[in-house]
Amino acid sequence: MDMDRTDEQLLETVADLHGVPEGSFNIRKNGKLLGRRSDADIEIASKTDKDGIDIIVKPGVKNKSVHIPVLLTVGDFKDTVYNDFYIGEGADVTIIAGCGIHNATCSDAQHDGIHTFYVAKNAKVRYVERHYASGEGTGKKVFDPITKIYLKENAQFVLESTQLGGVTCSDRKTFATVGKKAQLIVKEKILTDGEEKVLTDFKVKLSGKGSRADIVSRSVAKGHSVQHFRSDLAGKSECFGHVECDGIVLDNARIMSTPRIDAVSPEASLVHEAAVGKIAGEQMLKLMSLGLSEKEAEDAVIKGFLN
């Protein structure tokens, strides 16, 4: 693959890659395929009707990973891909799908990944999604991802979603239908600064008996940035759902949380928690008493909170 230093830095940030990964991978840059590899356990194929790929994980595959990062390094460009994941019965796989934008122009750069997961009975997926942007240009760096998750009986899906810097604006939508004894776990981390704006929107249906969802969002808003967390959790049978939104507000930033809980069944147990505030003064004082400056103490608190 032909990559420059900017490409390498983006890949390292969004996908922990230091060169070509082992196993299956698909790397896309500026709307074109940069490199791909399939193997006997995980097949990657281009769609024929639109931009995107099909990722097929064979039944029973264990301890395998697939990398599908996307890079944008030009302005005046919008990249939209439709990726469908078919996870076979009893499989256990990790999928790393980061996207990095480096925009040094005065025109906008945008990537929209529409990802749909079909997770079969007894299968497990760990899905790592990282968004990052850099570049001194005045053009916007925009991400509007859509994630759709369909979990069959006793399936498990862990979503680790991270946006920690440089993104001008983002509209992040996640839809999930959780079947019998299936489990959805979401760990979201958001950091905004300057005039950045982000909306995260979760719509989850607990449709099967014994289904479960645990959604935790941790965010820090600095500068004049604005964050809005929305959740819509519906329990349609005997189930348990928990949504937690924790935020730290600094400077002149703003964080909003809008929960909706719909217990369709009397056996549904649904919980929403939200806490937004500033950094506790005693935390700052304790760290500063150890020799840290005010800025160093603030950074340490934020790093610990988001980790």
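Here is a short chat about strands, salt bridges and surface patches in a predicted model.

Visitor: Let's start with the strands. Which residue in β7 is the bridge partner of Ile55?

Guide: Strand β4 covers residues 53–57 and strand β7 covers residues 77–87. The two pair in the parallel sense, over 4 bridges. Look across from Ile55 into β7, and the bridge partner you'll find is Phe85.

Visitor: And how many bridges join β7 to β10?

Guide: These two strands run parallel. One spot to look at is Val81, whose bridge partner in β10 is Gly113. The number of bridges joining β7 to β10 is 11.

Visitor: Are Glu129 and Arg172 buried or exposed?

Guide: The side chains of Glu129 and Arg172 form a salt bridge too, at 3.2 Å from N to O. Glu129 belongs to strand β11 and Arg172 to strand β15 (residues 169–178), 43 residues apart. As for cover, both Glu129 and Arg172 are buried.

Visitor: Which residues do salt bridges that share partners join into one network?

Guide: The model's count comes to 18 salt bridges. Some of them share partners, and the network they make joins Arg28, Asp51 and Asp79.

Visitor: Over to the surface. What is the accessible area of Tyr86, Tyr118 and Tyr150 together?

Guide: These three form a nonpolar patch on the surface. Tyr118 sits in strand β10, and Tyr118 is partly exposed because its relative accessible area is 37%. Together, the three tyrosines have an accessible area of about 280 Å².

Visitor: One last thing: where is Lys121?

Guide: Lys121 forms a positive surface patch with Lys180, Lys181 and Lys209. Its relative accessibility is 36%, so Lys121 counts as partly exposed. You'll find Lys121 in the loop between β10 (109–119) and β11 (124–134).

Conventions. Residues are numbered from 1 along each chain as its sequence is written. This is a predicted model: local features need pLDDT of at least 70, side-chain atom pairs count only at pLDDT 80 or more; totals for chains, interfaces and linings use all residues. Side-chain values use heavy atoms; hydrogens and water are left out. Patches are made of residues with over 30% relative accessible area and no salt bridge: like charges are joined within 9 Å, nonpolar side chains (Val, Leu, Ile, Met, Phe, Trp, Tyr) within 5 Å. Accessible areas come from the Shrake-Rupley method with a 1.4 Å probe; for residues, only the protein chains shown count as cover. A salt bridge is a side-chain nitrogen of Lys or Arg within 4 Å of a carboxyl oxygen of Asp or Glu. Lys and Arg count as positive and Asp and Glu as negative; His and the chain ends are not counted. The place of a charge is taken as NZ of Lys, CZ of Arg, CG of Asp or CD of Glu. Buried means under 20% relative accessible area, exposed over 50%, partly exposed in between (1.4 Å probe, protein chains only). Two strands pair if DSSP finds at least two bridges between them.
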